[in-house]
Amino acid sequence: KAVAFMGVASVDARIHMNTVMKRSTKELRSEILQFLDKLDVPLCERLLKVMAPLSTQLAAQLFCMQWEIDWDRFLLTLDMEQETLTKFLNVIYDYSAADRKNVLDKSF
């Protein structure tokens with residue numbers, strides 16, 4: 001399905017996908033591909049656009065955040081300005097898992 005995505009995605013989305021995949025670990029690449037199989041193309045493009053400029057660690061943290069908060073809140077994080085999102089991820093992942101969940105639940 002990733003090949004099908006690459007066929008229908010915009011040029012920018014294909015570049016973002018390549019960037020994210022090159023920077024990701026083998027395990028994270030597998031998880032991302034499985035995740036992208038479940039989403040529609042515009043949402044995949046949106047996620048990849050947000051992840052591409054992030055460092056490897058921050059992209060992984062953003063991707064993993066989807067399992068820590070509800071889907072609507074996760075989508076709100078994708079709407080943050082890039083600089084704000086980077087700062088947010090840097091701060092939030094210094095917290096313990098319990099504190100992080102508490103902050104995430106009250107942040108949006």
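**Helices, contacts and cysteines in a predicted model**

Colleague: Where is serine 24 found?

Modeller: Residues are numbered from 1 along each chain as its sequence is written, and side-chain values use heavy atoms, leaving out hydrogens and water. Helices (H or I, at least four residues) and strands (E, at least two) are DSSP runs, numbered from the N terminus. With those names, serine 24 is found in the loop between α2 (11-23) and α3.

Colleague: Is serine 24 buried or exposed?

Modeller: Buried means under 20% relative accessible area, exposed over 50%, and partly exposed in between (1.4 Å probe, protein chains only). The relative accessible area of serine 24 is 8%, so this residue is buried.

Colleague: Which residues is serine 24 in contact with, leaving aside its neighbours within four places in sequence?

Modeller: Contact means heavy atoms within 4.5 Å. Beyond those sequence neighbours, serine 24 is in contact with Arg29 and Ile32.

Colleague: How many disulfides are there?

Modeller: A disulfide is a pair of cysteine sulfur atoms within 2.5 Å. The sulfur of cysteine 44 has its closest cysteine sulfur in cysteine 64, 17 Å away, which is too far for a bond. Cysteine 44 is buried at 1% relative accessibility, while cysteine 64 is partly exposed at 29%. By the distance rule, the count of disulfides is 0.

Colleague: Are helices α5 and α7 roughly parallel or roughly perpendicular?

Modeller: Two packed helices are described by the angle between their axes and the distance between the axes. Axes are lines fitted to C-alpha atoms, for helices over the stretch in contact, and angles run from 0 to 180 degrees between N-to-C directions; under 35 degrees counts as roughly parallel, over 145 as roughly antiparallel, 65 to 115 as roughly perpendicular and the rest as oblique. Helix α5 (residues 56-65) and helix α7 (residues 82-92) have axes 10 Å apart and an angle of about 80 degrees. That makes α5, relative to α7, roughly perpendicular.

Colleague: How many residues in the contact of α5 with α7 are nonpolar?

Modeller: Leu58, Gln61, Leu62 and Met65 of α5 make this contact with Leu85, Thr86, Phe88, Leu89 and Asn90 of α7. Ala, Val, Leu, Ile, Met, Phe, Trp, Tyr, Cys and Pro count as nonpolar, Asp, Glu, Lys and Arg as charged, and the others, Gly among them, as polar. There are 3 polar residues, no charged ones, and the nonpolar count is 6.

Colleague: What is the angle between α4 and α6?

Modeller: Leu43, Arg46, Leu47 and Val50 in α4 meet Trp71, Phe74, Leu75 and Leu78 in α6. The axes of α4 and α6 are 10 Å apart, and the angle is about 55 degrees.

Colleague: Which residues does phenylalanine 74 touch, not counting residues up to four places away in sequence?

Modeller: Phenylalanine 74 is found in helix α6. With a relative accessible area of 1%, phenylalanine 74 is buried. Past its sequence neighbours, phenylalanine 74 touches Leu47, Leu62, Phe63, Met65, Gln66 and Ile69.

How values were computed:
Predicted model: local features only at pLDDT ≥ 70, side-chain atom pairs only at ≥ 80, totals over all residues.
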